Amino acid sequence: MARPRLASPDQPAWIRLTLRLYEFFASLRFAVVLISLLAIVLGLGTFVESAYGTEAVKFGVWNTWWFTLLNALLGVSVFCAAAIRYPWKRHQTGFVITHIGLLVLLAGCLLSQRGGIDAQIPLLEGDSGRRAYEDSHSFRMEVRRRGADGEATGGAEMIGPIAFRSGPFNWDDYGSKRSFIPWGLSPRDRGVLHDADGIRLEVLDFYADSTAALAPSVKLRIGSDSFGPGGGRGVWMPVDLSWQPNPLGGGDVRHRQRVGGGTVVFWKSGSKAETEAFLASVPDAATGFGGKGQIVLVHHGRTEPSLHRFTVDELETKKTIELPGTGLSVDFRDHEPKLAVVRLAIRPTAGGEGSEVKPEEMVLAADLPEVNMSARRAGVHGSLWVDPGPADASERMQGKARSRIDVIQTHDRTLAYRKWQFPLVTAGPLPADGSPVPAFEMPMGKLELRVDRFLSADTLEVVTLPVPFDKAKPPSAKRRAAKLRLSVDGTSEEFWLAGLPIQPIQENPGPTERREVAGTRRIAAITMEPDSVDIGFDVRLDNFERRLDPGTSQASHFSSVVDFLGDSRKPLTSKPVTITMNAPVDFSDPATGRSYRLFQESFMGPWLPGDPLYERFVRDVDAGRSDDPPEAIEASVLTVNYDPGRGVKYAGSALIVAGIFTMFYMKAYFFGPKKRAVQGAA
Amino acid sequence: MTNRKARFHAVRLLLVCLAFAGLACGGVRADDLSSWRRLPVLDDGRVMPLDTFARRKVETITNSQSPKLPVAGKADGPARRWDAAALLLDWLCRPDAWEDVPFLIAEHEEVRRLLDLPVFEDGPEGRKRLKHASPSDVADSKGFRERLVEIDDRRREARTNGEAFRLEGADAKVDQLWQAFVTFRQLSFRAEDAEMGRSRFTRLLDSAIASWQSTERRLAGAVGSGEADAIRAGFSDILAAVGESTRFPTAEATTAVVKTRAAVAAARESAGASAAGRMLSRLEERLLVLAESLYDNGDAVLVVPALHADALETERNAEEDMPAWLALATLLDAPPELLAGYPADLVADVRQAFASLKEAVTAVPQGDVAAASSRLAGKLRAVGEAVEPERRRLPVDRLDADLLRWTAYPPAGSTDREVAYNGGDPFRMSWVLALAGLASFALAFGRATKPMFWLGTALLLAEILWTAKAFAERIAITGWAPVTNMYETVIYVPFFLSLLGLWFLLSPIVSKGVGEAWRFTTHWSMILPRVAIGAGVLWVLAMAPYAAGGRTILRLTPQTDVDSWMPNANNLVVWLVGLCVLVPSVWYLPRVAISAVGSLATVPRSMRSADLGEWLSQAYARRSFGLVVTAVAFAGTFIAWFFPIPGKQFSPLQPVLRDNFWLTIHVLTIVSSYAAGALAWGLGCLSLGHYLFGSYRPATAGEGRGPRPPEACDVLAGFIYRAMQVAVLLLAAGTILGGLWADVSWGRFWGWDPKEVWALVSLLAYLVVLHGRYAGWIDNFGLAAGSVLGAAVIGMSWYGVNFLLGAGLHSYGFGQGGQTEFFAFLAVNMLLLVAAAWRYRSGCHPAGV
């Protein structure tokens with residue numbers, strides 16, 4: 001084919017250079033290389049999607065500047081290739097139409113990408129909403145003055161939304177995402193995002209998905225890889241325990257759990273002395289258990305720690321036992337046989353009853369060691385051990401044997417454990433790396449104890465833990481969390497902040513989703529919220545309809561009947577509007593005139609009576625509406641789409657198809673090369 | 001090899017092929033179960049013939065649709081090939097006799113070890129792998145049960161941790177056997193079977209109690225306290241009759257449920273039409289299903305419409321177990337209180353008919369099963385039709401009219417078509433014909449060119465017609481376009497490819513006649529037909545409602561906001577684009593239709609031309625087309641017939657795929673482009689074969705180059721180029737149509753979905769080749785190589801996206817399997833390419849030249 005030549009040696013250098021560049025962009029060589037490159041990148045992109053999910057490929061490829069550049073170069077190539085052949089000849093009609101169509105299509109895509117909106121409105125039946133949520137998050141801060149009492153007063157000053165590009169992965173994971181995709185070229189907002197007027201926000205770390213867990217807590221496994229006769233099989237029972245500051249006071253925190261073979265208890269030791277006493281206060285056979293149990297006391301004084309063992313029966317008879325070498329004596333107070341609890345008092349031996357040193361009370365419970373009260377001032381800690389009596393195998397399984405494993409977080413934030421299986425106690429440090437220690441011995445085999453996870457803390461607190469990346473999890477199911485450093489008037493705090501979820505009915509933000517930092521003059525409260533668009537009118541879901549195929553639970557059809565409400569809460573349309581799958585509806589923001597297209601996306605629920613969401617719904621939304629509360633409620637998810645490039649893209653597509661047809665019709669270009677090849681061969 | 005010898009071998013090959021084909025088509029069953037087979041049953045969301053149902057269930061249970069099993073009661077006896085419907089009938093008639101017969105799928109060694117069963121059996125014919133276990137093996141195995149419990153524990157743990165749980169390896173096989181066992185037990189469940197755990201009853205009872213509790217809280221004085229007490233007492237009676245176990249006598253439980261239902265009915269009557277009344281009537285309904293569940297433990301054969309009002313509601317709770325049809329076992333065993341609305345005499349007839357069928361099946365030798373089964377079918381039809389008026393009177397709040405229609409007892413003969421389809425496997429003939437065509441075209445390269453060419457063309461035409469007929473049958477059964485799953489596309493591609501090939505083959509002969517017919521459409525006498533057909537096209541495209549909300553395919557007026565008449569600029573452009581499709585369609589489609597009919601007259605007339613000899617020799621020169629087309633068509637249809645490709649069986653369509661014109665057009669176009677790509681690939685392979693094995697021509701004097709490749713390569717290059725152009729046209733149009741469809745149903749024109757992206761990659765790959773060719777960088781060899789590479793890319797977008805990537809929104813097409821075959825295909829292609837490239841380089845550019 002004729003390759004247009006524009007540059008010639010008689011032109012000034014810069015014109016020649018420009019023309020050379022023009023020729024280069026218009027050349028087939030450039031086009032072929034570009035198309036090949038694009039095809040390869042597109043293909044690789046789908047493999048990235050397969051490996052890491054849709055969100056990741058959008059972040060790492062489709063929405064990056066370099067991919068946009070590639071497309072832009074294609075646009076330049078298409079433009080130059082068509083322009084350089086001007087004036088066009090008749091047989092080039094199809095070629096020109098196709099290439100103009102391509103340019104129009106690319107322009108339409110650019111318009112959509114820059115100005116388009118694709119967001120979702122989740123709606124419960126009967127509820128209304130005007131905010132459509134996107135997948136990205138931003139920070140928002142509410143700043144109030146600090147009053148004389150230190151509490152926030154007055155109106156709030158809003159800061160934000162501060163856009164936060166976080167990326168699809170936990171930030172620590174990028175190193176492990178070995179891939180041909182240059183993740184580093186996609187910007188993430190790390191570091192200072194806002195610094196003005198004494199308020200400074202810094203992002204230190206980010207989890208794309210996280211869970212909240214209590215600390216101190218342990219996750220254990222008890223079991224064996226070969227349990228049962230004949231080699232057996234792997235059986236592991238999970239144990240999940242948290243420290244309960246007030247073990248008798250109830251509460252939601254689970255600190256003891258029954259497993260096959262016994263009970264596992266977890267608590268926290270407050271001091272070195274307590275930890276050492278925990279490990280040392282084990283019973284011995286020589287002392288025996290009497291009828292009511294063996295008391296083992298450990299004394300930490302100025303001298304070496306000392307160990308003292310005697311039975312409850314002995315103490316009850318003698319009323320007082322002296323602890324040799326400590327200068328202390330133990331008085332018997334009372335004994336509760338049913339619960340196996342004994343109450344003691346520790347006092348200086350010299351003083352005796354009635355001295356001015358008040359006796360310090362101790363409580364030891366055989367089966368509830370976590371409620372034991374030590375005589376801290378006197379430096380005496382201890383344990384009570386009771387003979388469980390005879391028990392056959394099935395009784396043992398039911399816990400009659402009182403077998404138990406005590407696990408504590410020690411004073412220096414490690415783990416220690418002791419296993420009590422009558423009449424022996426094994427005690428020692430518990431490795432947190434998952435290596436096994438012996439647990440209960442069962443008739444069927446010996447069990448082991450392994451630590452899966454240990455979260456240490458000084459007081460009960462909620463910690464944020466990363467969740468490994470799961471490509472199949474939709475963004476709405478992920479709990480994003482960012483580690484922030486927020487400074488207000490010089491006061492600086494670091495904390496993990498969880499993103500607010502996209503839910504049909506927003507709960508008030510919980511403690512991990514809204515954090516306050518109090519500076520000297522002001523208090524700032526920060527949240528991480530999903531970005532949303534106000535579409536300018538309320539959408540009320542009157543009814544969500546889901547039809548099923550006969551006799552199955554497979555949906556055959558779903559649609560939402562909605563009303564569009566204006567500011568006065570009056571419907572803007574003459575009658576309710578039905579939005580069905582594959583049949584979207586257009587409606588414009590009355591204020592701006594921007595036309596949104598609403599699609600039926602999916603649904604959530606059903607929520608049945610008893611579910612908190614259902615009860616809240618009946619109380620708040622449906623209250624007084626009808627005398628017949630719904631049997632179940634469902635939520636419909638509508639997609640709100642604003643696409644300024646839609647028409648342009650349609651026009652471009654039409655041109656491309658028309659152009660290709662024209663080429664076929666006019667048989668332009670088709671057999672030239674073949675003829676030449678045949679001629680060449682002849 | 002001499003020509004004669006070659007011909008001899010070819011003829012022998014043809015004979016072998018035809019003999020094999022005859023084998024594949026033979027073996028028509030002597031069928032005395034045809035009424036049984038055609039019995040309408042409800043399953044998987046549609047009314048289907050029992051034959052299809054039986055195939056599904058038998059495959060779940062035995063891992064084959066026609067397993068080779070011993071006869072009932074004779075576990076050690078000789079095995080015979082069972083037909084699915086016959087096997088199901090036998091199971092239903094004498095489940096106990098099958099208790100010790102191994103027929104449940106249990107092939108995995110680990111599974112057999114758990115069951116304490118041997119893996120091999122040494123018989124007279126040598127060592128044989130054992131594949132099945134008996135129900136008693138499964139029921140009595142402690143190890144198997146423990147394994148199930150353990151799997152369940154892990155599943156629960158995964159769920160509490162929010163992790164995905166996937167069954168792998170032996171676990172999946174354990175689960176498969178368990179599913180087979182449960183399916184068999186559920187199918188053959190009868191109320192007298194006190195040993196069976198009543199899982200469905202227990203579940204429904206829980207939900208009925210929960211429903212009563214929530215109703216009770218809201219009754220608020222609408223019902224007298226005595227009536228509420230009676231209901232309460234009823235529920236405690238049920239609990240007392242049931243006891244702690246899931247195994248209990250049926251009669252007492254039935255009485256208790258019926259009594260409770262009567263109490264609820266009394267309360268409902270006094271509550272009237274209030275909200276409480278509606279809730280009570282729903283509860284009444286649930287109690288009816290609860291009582292029925294004593295006779296139907298789930299997954300049973302549903303044979304007549306049920307009288308459940310809730311099953312016909314527009315909005316049904318997906319979790320609620322409310323079948324639209326009634327089980328055969330319920331009809332046979334339930335007391336009259338539960339069958340109110342079913343004429344008692346007809347029910348008695350059914351019972352009697354089943355008893356005699358059972359007698360005929362179990363008798364030795366078998367009695368007149370044909371007559372007995374036909375009697376049962378007739379009696380069931382009588383019940384099914386008698387209950388229809390009753391069904392229409394059901395108190396439904398908001399009736400789903402479609403549902404009522406779909407679940408009505410179908411007219412006689414409506415299931416015949418599907419039974420014939422199942423039995424005939426109509427696509428089998430397609431590969432047989434294609435194979436025969438391939439053999440003929442292969443022979444056309446010998447001396448008998450002309451007869452073999454015409455025989456091959458005739459066979460190709462026969463293959464096209466046969467496949468079209470089979471497609472028509474399939475569409476008549478499923479009611480949607482034949483490109484909704486992998487299986488259908490695997491057949492559609494060879495079909496379209498054959499059409500394309502036939503056109504390419506015959507175009508030298510027919511193009512003049514077709515051209516005449518086309519021009520004739522402008523004749524004044526054609527105005528009336530053109531207007532008539534054009535009006536029809538206009539009506540279909542722009543006026544007939546085809547989807548939800550009475551929408552049309554294309555809009556005559558631009559889309560506007562709700563309650564507005566002014567379109568915005570975007571919608572105006574979209575409308576204009578629609579007009580650009582509509583106007584040419586209305587203008588040209590009538591001409592296409594008329595000229596297609598007219599060609600039948602003009603083509604034979606044009607043959608009288610003096611040029612015929614020239615045309616014929618041109619057509620004969622294209623016989624390599626025929627060879628390639630029949631080869632690729634055979635490969636495609638054979639793969640579809642031979643491999644278990646997902647989608648072979650009919651199943652309901654995903655909601656997003658229903659009622660969608662754009663979907664049909666988009667997928668048809670894209671899949672047609674695959675066919676054009678496959679044609680280019682076939683031609684490319686043939687061309688590469690010539691490069692590899694052909695004899696190179698000596699260099700011409702004028703051009704100082706080396707030897708030139710075989711002449712066939714140059715001719716083929718032209719064909720490849722054309723096939724690629726067709727592929728590009730169809731790919732571009734299909735990709736854009738996909739954008740339109742995505743815009744209509746998902747709200748965005750382009751969403752970077754892998755299927756979309758790969759369609760674009762295929763398009764770009766072919767564009768690279770065409771542009772490179774245009775620039776003169778790609779010679780004939782490059783074109784052949786490009787066609788093979790292009791086929792690899794198409795393979796990726798067709799098979800790979802669904803089976804290798806497993807991501808994105810086109811998730812209704814995912815599957816597994818075939819990876820090895822796919823990669824082997826790629827490897828063989830690349831090997832051929834590399835070998836041909838090596839020969840081409842060394843052949844055309846010998847060292848030193």
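Biologist: How many bridges join β11(A) to strand β17 of chain A, and do they run parallel or antiparallel?
Modeller: Six bridges, and β11(A) and β17 (residues 380–385) of chain A run antiparallel. Strands here are DSSP runs of E, at least two residues, numbered from the N terminus, and two strands pair if DSSP finds at least two bridges between them. This is a predicted model, where local features need pLDDT of at least 70, side-chain atom pairs count only at pLDDT 80 or more, and totals for chains, interfaces and linings use all residues. Residues are numbered from 1 along each chain as its sequence is written, with chains lettered from A and ligands numbered from 1 in the order in which they are written.

Biologist: Which residue is the bridge partner of A:Leu297 in β17(A)?
Modeller: A:Gly382.

Biologist: And what does β11(A) form with β12(A)?
Modeller: A hairpin, with six residues between the two strands. A:His299 stands opposite A:Ser306 there.

Biologist: Is β11(A) mostly covered or uncovered?
Modeller: Covered: six of its six residues (294–299) are buried, meaning 20 or more other C-beta atoms, placed from the backbone, lie within 10 Å of a residue's own. A:Gln294, A:Val296 and A:Val298 point one way, while A:Ile295, A:Leu297 and A:His299 point the other.

Biologist: Switching topic, which residues have the most contacts inside the largest nonpolar core?
Modeller: B:Leu497, B:Ala675, B:Leu679, B:Ile720, B:Met724 and B:Tyr766, in a core of 150 residues. A nonpolar core is a set of buried Ala, Val, Leu, Ile, Met, Phe, Trp, Tyr and Cys residues joined through C-beta atoms within 7 Å.

Note on methods:
A residue is buried if 20 or more other C-beta atoms lie within 10 Å of its own, exposed if 12 or fewer, and partly exposed in between; C-beta atoms are placed from the backbone. Helices (H or I, at least four residues) and strands (E, at least two) are DSSP runs, numbered from the N terminus.
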